[in-house]
Structures are given as structure tokens and as C-alpha cells.
Amino acid sequence: KVQLVESGGGSVQAGGSLRLSCVASEYTATINSMAWFRQAPGKERDVVAAIQTGGGRTYYIDSVKGRFTISQDNAKNTVYLQMNTLKPEDTATYYCAARGGSWSFPKLIPYEYGYWGRGTQVTVSS
């Protein structure tokens, strides 16, 4: 079973930056896509960014383009989400997700991911 562990959340003021990390117990052998989702209280869990682990293709929702960057370090079995110019509306619990067994990219729906971290809280104050 693939285990995912997120870290890097915290509280920052608007305009600040955070870098989230997700370490996977398995990476290239079983995973072909990883993603970051976020969920605010009373709202759905929505994708933020995704990366194709083998090919490096990336996807971002429009609201974070130019501010967030998803990247990977295969040697460390880790994906990152660099978040710059944070806004209060970015406040949410951020979840790392992973999936395998698919040739298509991106996957944007939570049920399409079989492995999840427990989440890390990001709070942006105005």
C-alpha cells in the first residue's frame, strides 16, 4: 500500500509563501500521477494542481496559475507545491493524492485517486 505524508502547512499573511511536501512510500514503480487537492470548511474537495510523475506534465486550476508550482523529486519520492502570493481564499486543508494504473492525464476528481495523505492546514490571513 502506498503511504503519503504531507508537511509544510502553516499560517501566513496575504502575499506570503509556503511550500508543501508530500513523501510517498512508493513512487515510480506504482504511481503515474500525483495531485494536490484542497478543501475549505463547507466546500467540496477540489484539485489544485497535478503532475504526471513519469512525463512531468502539469495541470493547474486557473485561480493558482502564476502563483503555485507543482514539482517532483523522484530520488526522494516527493512532490512539492510551492505557493506564492497567497491569498485568504487559498485557506484550506491541502491533501496530497496519488494514483496509478492509468495512461490519461490529468485526473481531476477525488474518487479517481486511490491514495491520500491526511492533509496539512494552510491559513492565509488578510
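Let's start with a strand pair: seven bridges join E4 to strand E9, residues 92-99, and the two run antiparallel. Strands here are DSSP runs of at least two residues, numbered from the N terminus. Two strands pair if DSSP finds at least two bridges between them. Within this pair, Ala 35 stands opposite Ala 97 in E9.

A word on the source. This is a predicted model, where local features need pLDDT of at least 70, side-chain atom pairs count only at pLDDT 80 or more, and totals for chains, interfaces and linings use all residues. Residues are numbered from 1 along each chain as its sequence is written, and side-chain values use heavy atoms, with hydrogens and water left out.

Now the other partner. E4 also pairs with strand E5, residues 46-52, antiparallel over six bridges. Trp 36 has Ala 49 in E5 as its bridge partner. E4 and E5 make a hairpin with six residues between them. In that turn, Gly 42 has a positive phi of about 75 degrees.

How many of the seven residues of E4 are buried? Six, so the strand, residues 33-39, is largely enclosed by the rest of the structure. Buried means under 20% relative accessible area, with a 1.4 Å probe and protein chains only.

On to the core. The largest nonpolar core has 35 residues. Such a core is a set of buried Ala, Val, Leu, Ile, Met, Phe, Trp, Tyr and Cys residues joined through side-chain atoms within 4.5 Å. Met 34 and Trp 36 are among those with the most contacts inside it. E4, E5 and E9 are among the strands that each supply at least two residues of this core.

Conventions:
Buried < 20%, exposed > 50% of the residue type's maximum accessible area, 1.4 Å probe, protein only. Helix = DSSP H or I, 4+ residues; strand = E, 2+ residues; numbered from the N terminus.
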